[in-house]
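Dear colleague,

Please find below the structure that I am handing over to you. My notes on it follow directly after.

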Amino acid sequence: MDPNTDSLDFYRPFDSNDFVFERCFLCGIDLSKSNRSDEHIFPKWLLHKFNLWNETLTMINGSRFQYKRLVIPCCKECNNEHLAAMESRFLSLMERKFENLNHDDEQTIFQWASKILYGTLYKELSLKMDVRNPHLGPLLTPEQVENYGAMHLHLQSIRVPTEFIQPKPWSLFVFNYKEDTYDYINEIRKLCFSIKLGEIGVTLVFQDNNEVENVCAPVKGLNNFMLDDLQFIEATALVFYGKYIAENTPTYMNIYCKSTQKMQVVSLRALRSKPWDDQEYAALLEAMLAANGVYLDEPIYLGPGQLQTSLVDDDGVLMIHKLNSKKD
């Protein structure tokens, strides 16, 4: 290895189940009265815009927390400098409706969504640590330690200039919506994230090396339509299922250049996916609809190649078919 490069030794909470409120969740520095702040997992502007302060979010274990109480420990430097700068970049992209995104823009959206998904996980694990019940067993499986540890590594790009060597470790989809409302769906175990921020929203999967964008390429075309709230769920299910069929998760290595104080993140393993299964996908969509209080009279899977769908335009034409006819 070049003597001017090294593997940067970041704070690694997953190595020791170190999910405590006495350390910054991002850099790991010990917190005191002088340097401590609390970072809202969901930014305060979002809570104000959609009146979410007293609304609740369901955690992995089924418990519910008010959005205003979803905070994680953070040092003032990370909060007031690095996270604030990232948040400002994200708001600028949102104001222009996430149009004409370049790689740096996508990285900002990736960082913003990662902080929310990782922050939710950190909050959940810190609560489990408080229980301190030896009979609970390990908090995480070895595979989860590896996957979530990689997510924490990628989060360091918020405070350390970072180049993600292609392929990028995410897939990003932008959708437009009719109703100016908020909605949010995540799947932490599969590292999937979807949020509706009024009339615009983003859906991401993490640690897929851009493979889901290939698997779900036609779904990206849905941003040519204005989707309703039910279609938000279905579009999300299509993208999430692209990650569900992954047979493995890539691993990553960080290389830090001492002279430039910049980091490179390199993927060490490609993602493999099994074939798409309509019946399996339909079961996922039905579960997501039920979680949102939507129950259908008939099953979504009606037979090979036959699926019920809400993704039709005002003329009753399948959106995907309409996109294909335009190409022809």
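Which residues lie nearest the centre of the largest pocket? They are Thr58, Tyr184, Ile185, Asn186 and Ala291, out of a lining of 24 residues. Before the details, please note that this is a predicted model, in which local features need pLDDT of at least 70 and side-chain atom pairs count only at pLDDT 80 or more, while totals for chains, interfaces and linings use all residues. Residues are numbered from 1 along each chain as its sequence is written, and side-chain values use heavy atoms, with hydrogens and water left out.

**Pockets**

A pocket here is an open set of points on a 1 Å grid over the protein atoms alone, where a 1.4 Å probe fits and protein lies on both sides within 12 Å along at least five of seven lines; lining residues have an atom within 4 Å of a point. Grid points are joined across faces, edges and corners, and a volume is the space filled by probe spheres set on the points.

The largest pocket holds about 760 Å³ of space. Strand 7 (170–187) supplies the largest share of its lining, six residues. Strand 3 (56–58), helix 7 (229–244) and helix 8 (278–291) also supply at least two residues each. Helices (H or I, at least four residues) and strands (E, at least two) are DSSP runs, numbered from the N terminus. By class, this lining comprises 14 nonpolar, five polar and five charged residues. Ala, Val, Leu, Ile, Met, Phe, Trp, Tyr, Cys and Pro count as nonpolar, Asp, Glu, Lys and Arg as charged, and the others, Gly among them, as polar.

The second largest pocket has a volume of about 450 Å³. Of its 18 lining residues, Glu234, Leu238, Leu307, Thr309 and Ile320 lie nearest the centre. Two or more lining residues come from each of helix 6 (217–220), helix 7, helix 8 and helix 9 (319–327), and helix 9 gives the most, with three. This lining has twelve nonpolar, four polar and two charged residues.

**Nonpolar cores**

A nonpolar core is a set of buried Ala, Val, Leu, Ile, Met, Phe, Trp, Tyr and Cys residues joined through side-chain atoms within 4.5 Å. Buried means under 20% relative accessible area, exposed over 50%, and partly exposed in between (1.4 Å probe, protein chains only). The largest core has 65 residues, and Phe42 and Phe193 have the most contacts inside it. Helix 3 gives the most to this core, with ten residues. A second, separate core of 30 residues includes Cys192, Ile233, Ile245 and Leu311.

**Individual residues**

In the contacts below (heavy atoms within 4.5 Å), neighbours up to four places away in sequence are left aside. Phe193 is in contact with Trp112, Ala113, Tyr184, Phe206 and Phe240, among others. Ser194, in strand 8 (residues 192–206), is buried at 0% relative accessible area. The contacts of Ser194 include Asp183, Tyr184, Ile185, Phe232 and Phe240.

Ile233 is found in helix 7 and is buried at 4%. Ile233 touches Ile185, Leu285, Met288, Leu289 and Asn292. Gln111, in helix 3 (residues 103–131), counts as buried because its relative accessibility is 3%. The residues that Gln111 touches are Met86, Arg89, Leu155, Ser157 and Ile158.

**Cysteines**

The structure holds zero disulfides, a disulfide being a pair of cysteine sulfur atoms within 2.5 Å. For Cys24, the nearest cysteine sulfur is that of Cys27, 3.7 Å away; Cys24 is buried, at 0% relative accessibility. The sulfur of Cys75 is 3.6 Å from the closest cysteine sulfur, in Cys78, and so too far for a bond. Cys75 is also buried, at 5%.

**Backbone geometry**

Most residues other than glycine have a negative phi, and most peptide bonds are trans. A cis peptide bond joins Gln166 and Pro167, with omega about 5°; Pro167 lies in the loop between strand 6 (162–164) and strand 7. Gln207 is not a glycine, yet has a positive phi of about 55°. Gln207 sits in the loop between strand 8 and helix 5 (211–215) and is buried at 1%. Gln261 likewise has a positive phi of about 55°. Gln261 is placed in the loop between strand 10 (252–257) and strand 11 (262–267) and is exposed, at 51% relative accessible area.

With kind regards
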